[in-house]
Each structure stands twice: as structure tokens, then as C-alpha cells.
Amino acid sequence: MEILNEIKFTVPSLSVNESTARAVVSSFIVQADPTVEELSDIRTAVSEAVTNCIVHGYRNSQGNIEIVVRIMPNREIYIKIKDNGCGIADVQQAMQPLFTTAPEEERSGLGFSVMESFMDRLTVKSRVNKGTTVTMRKKLSVHGS
Amino acid sequence: MKINIKSENGTAIAVLNGEIDHHTAKMLRTELDKFVITMQPDVLAIDFSGITFMDSSGIGLIIGRYKLVKECGGQLEIRSPQPYIRRMMVLSGVERIVKII
């Protein structure tokens with residue numbers, strides 16, 4: 001599959017990097033001319049995925065979060081966010097709205113629901129003690145500019 | 001992320017400015033809880049007009065403050081969220097338990 005443009009970067013799992021990841025992804029995607037709402041949707045989905053890596057994947061440890069963003073033909077945005085943390089034993093359960101394993105941090109259990117709602121496609125692959133990879137796709141609208 | 005809380009006649013207004021995510025929510029939680037426990041306001045109104053980004057960490061923040069304010073005998077209000085932030089509140093269902101003006 002042809003890729004029009006791509007960025008790959010890695011950040012350590014520090015909570016301050018939630019905004020770093022959003023900022024880098026946003027500034028890269030601007031070249032594809034998304035609407036304000038589409039850009040907000042993507043920023044939010046990225047923030048949720050990166051937060052999951054920090055809060056859940058690397059809960060009691062620290063590691064790297066790898067982020068890949070691609071601009072594909074037909075105005076499709078592809079995003080992959082990967083950690084090498086503890087993994088998810090039951091992905092289906094984790095994707096249920098309001099399910100959380102971190103209530104003490106006031107996690108609402110809505111991270112995957114938000115990613116699903118704000119993006120067109122969401123895939124979660126995980127192996128216990130190996131890590132979790134989230135891939136998301138969103139097709140940008142065609143608008144006059 | 002900035003927070004400014006003013007109180008008058010039992011109503012406290014907390015004006016927030018910046019982005020709410022898991023990182024900044026910790027600071028907001030600490031500041032708001034300290035105020036609520038000390039001042040026990042009848043109404044805590046959180047002004048979201050200056051919030052330019054919020055992910056689901058903001059929903060956890062609102063639900064946590066709703067519980068605390070209620071336990072202290074008060075009411076929580078959310079004021080002036082931008083349309084995009086309101087959409088997140090509606091998606092989460094938080095607007096069914098907290099008054100959004």
C-alpha cells in the first residue's frame with residue numbers, strides 16, 4: 001500500500017508526553033488539511049491511546065511508547081501506538097465501556113470507547129507481558145480549500 | 001494548565017484554562033479537592049470556557065468532583081464548555097448527572 005507521508009517517533013512513558021504526542025501528531029496531520037473537528041477527534045484518540053500505555057501498560061514501570069502516523073491515499077490517516085508493557089489479558093473485556101483497572105486514578109473506563117467513537121476503525125492487539133498495539137484509521141472528509 | 005477559584009455567598013466558581021488530560025487532571029483534582037474540603041461550597045461551578053482540549057481524563061475528573069461535592073452537601077455545575085468538549089460530556093453520559101450550563 002502506498003504511503004504518502006509518514007512519521008515515527010518514540011517517547012518515554014511520562015505523563016507529560018501525553019501532550020507531546022498530541023502536539024506532534026497534530027502538526028504532522030495538518031498537511032492533510034483536516035477539519036477542526038477531525039483534528040480534535042484524532043488528537044483525542046491519540047491522547048487516550050498514549051494515556052493507556054502510561055497508566056496501564058507501564059503501570060508500575062517505565063518504558064517507551066512508539067508512535068507511527070501515516071497519511072495514506074484517499075485522505076486516510078493511519079495511526080499505530082505501541083507499548084512493551086504488561087499487556088491485556090482480555091482485550092474484549094478491556095474494551096467494554098466503563099471497564100477500568102485503575103479506579104484509584106479516576107480513570108473513567110472510556111478510553112477505548114472514545115477511540116472507537118472518534119476514529120473510523122480501531123484494532124487492539126495485546127500479549128500479556130509483551131505489550132499492546134493499538135491501530136486506528138480515520139478517513140478525512142473532502143472539503144473545499 | 002491554570003485554575004483560579006473565586007467564592008461568594010456559598011457559590012464557588014473555578015475557572016480553568018488549558019488542556020485536560022491524565023497529566024494535568026492530577027493537579028486540578030488536588031486543587032479542587034483542597035478547596036471543596038476546606039470551604040464546603042453550596043455550589044461548585046467549574047467554568048470550562050478556557051479549556052481547549054479534554055480527553056476522558058476530564059470525565060473522571062468531573063465524576064470524582066461530583067461525588068466529593070455531593071458528599072459535602074453541595075452541588076456541582078459545569079459552565080460554558082466549548083462544543084467539542086460538550087460532545088465528550090454527552091458521549092460519556094456525564095451530562096445526565098451533572099448540570100451543564
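Axes here are lines fitted to C-alpha atoms, for helices over the stretch in contact, and angles run from 0 to 180 degrees between N-to-C directions. Helices (H or I, at least four residues) and strands (E, at least two) are DSSP runs, numbered from the N terminus.

Before you start clicking: this is a predicted model, where local features need pLDDT of at least 70, side-chain atom pairs count only at pLDDT 80 or more, and totals for chains, interfaces and linings use all residues. Residues are numbered from 1 along each chain as its sequence is written, with chains lettered from A and ligands numbered from 1 in the order in which they are written.

**Stop one: two helices of chain A.** Select α2(A), residues 36-57, and α4(A), residues 111-118; they pack at about 150°, their axes 9 Å apart. That makes the two helices α2(A) and α4(A) roughly antiparallel (the word is used for angles over 145 degrees). Now show the contacts (C-beta atoms, placed from the backbone, within 7 Å): among those from α2(A) are A:Asp41 and A:Ala45, and α4(A) brings residues including A:Met115 and A:Phe118.

**Stop two: where the chains meet.** Colour the 20 residues of chain A that are in contact with 17 residues of chain B. Which element gives the most to this side of chain A? Look at α2(A), with 9 residues.

**Stop three: the sheet of chain B.** Select the open sheet of 5 strands, ordered β1-β2-β3-β4-β5 (chain B), with mixed pairing; strands pair if DSSP finds at least two bridges between them. Its edge strands are β1 (2-8) and β5 (99-100) of chain B.

Methods
Angles under 35 degrees count as roughly parallel, over 145 as roughly antiparallel, 65 to 115 as roughly perpendicular and the rest as oblique. Two residues are in contact if their C-beta atoms, placed from the backbone, lie within 7 Å.
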